[in-house]
Amino acid sequence: MPTETTTKRGRPGYDQQSVLRIAVDVFNRHGYDATSMGILAENLGISKSAIYHHVPSKGDLLKLALDHALGGLEAILDEPAATSGPADARLEFVLRQTIAVLVDRLPFVTLLLRLRGNTEIERDALERRRAFDHKVAALIAAARQDGSLRQDIDPRTVTRLLFGTINSIVEWYKPGGSLSPEKLADDVISMAFDGLHTAA
């Protein structure tokens, strides 16, 4: 006789996290707006009603996905290495950890970076992302002010180029390939802080 914990029919082996992972992959392939619950059900191999057992709506899936991406990024700023010490060391730590989160949560961060702001959930996420970016920009400004970063490049340009470089990783990085996440972070930090010229 079935018990209370027996998996209901129509949900073969899925929990909320596995539904979420597949949904994020579908959102990234088709675009969030173009993805219907029917398309999600087809990719999951379950009925639409079975999806509703895990989440109330497509928007809830989006919110869970964006919270996963943003939570990882926001947690970096609370780390001791991000809050104390020289500004340039704090900046380097934050950039390295940002790359680590991006690689570890690649599909989720990819979804975040492709948002268009068409829904309240998207606009809230974009606001959180802007707040993160502003805090990193403040670290760049602090490092310039204390003389550890060069003064001749506009700080807004530095901020945009750093984020542009890091954000582009979602478009080309392949986890499990020959370039490890650690080496990727080393390369980005070396380029950002030391440039491409060999040491004199």
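**Close-up views of a predicted model**

**View 1. With a relative accessible area of 32%, Asp 187 is partly exposed.** On this scale (1.4 Å probe, protein chains only), buried means under 20% relative accessible area, exposed over 50%, and partly exposed in between. Lys 183, at 42% relative accessibility, also counts as partly exposed. Both residues sit in helix H10 (residues 181-194), 4 residues apart, about one turn of the helix. Helices here are DSSP runs (H or I, at least four residues), numbered from the N terminus. The two side chains join in a salt bridge of 2.5 Å, N to O, a term that requires a side-chain nitrogen of Lys or Arg within 4 Å of a carboxyl oxygen of Asp or Glu.

A note on reading these views: the model is predicted, with local features needing pLDDT of at least 70 and side-chain atom pairs counting only at pLDDT 80 or more, while totals for chains, interfaces and linings use all residues. Residues are numbered from 1 along each chain as its sequence is written, and side-chain values use heavy atoms, leaving out hydrogens and water.

**View 2. Asp 67 and Lys 63 pair within helix H4 (residues 58-76).** They are 4 residues apart, about one turn of the helix, and the closest N and O atoms of their salt bridge are 2.9 Å apart. Asp 67 is partly exposed at 29% relative accessibility, and so is Lys 63, with a relative accessible area of 41%.

**View 3. Asp 25 meets Arg 29 in a salt bridge.** The closest N and O atoms lie 3.1 Å apart. Because the pair are 4 residues apart in helix H1 (residues 16-30), about one helical turn separates them.

**View 4. The largest cavity holds about 100 Å³ of space.** A cavity is a set of points on a 1 Å grid over the protein atoms alone where a 1.4 Å probe fits but cannot get out, and lining residues have an atom within 4 Å of a point; the volume is the space filled by probe spheres set on the points. The whole structure has 1 cavity of 30 Å³ or more. Its lining includes Leu 73, Thr 98, Arg 129 and Asp 133. Helices H6 (87-104), H7 (106-113), H8 (120-145) and H9 (155-172) each supply at least two lining residues.

**View 5. Ile 51 touches Met 37, Leu 40, Ala 41, Leu 44 and Ile 46.** Residues up to four places away in sequence are not counted, and contact means heavy atoms within 4.5 Å.

Technical notes:
1 Å grid on protein atoms, 1.4 Å probe; cavity = no way out; pocket = protein on both sides within 12 Å on 5 of 7 lines; lining within 4 Å.
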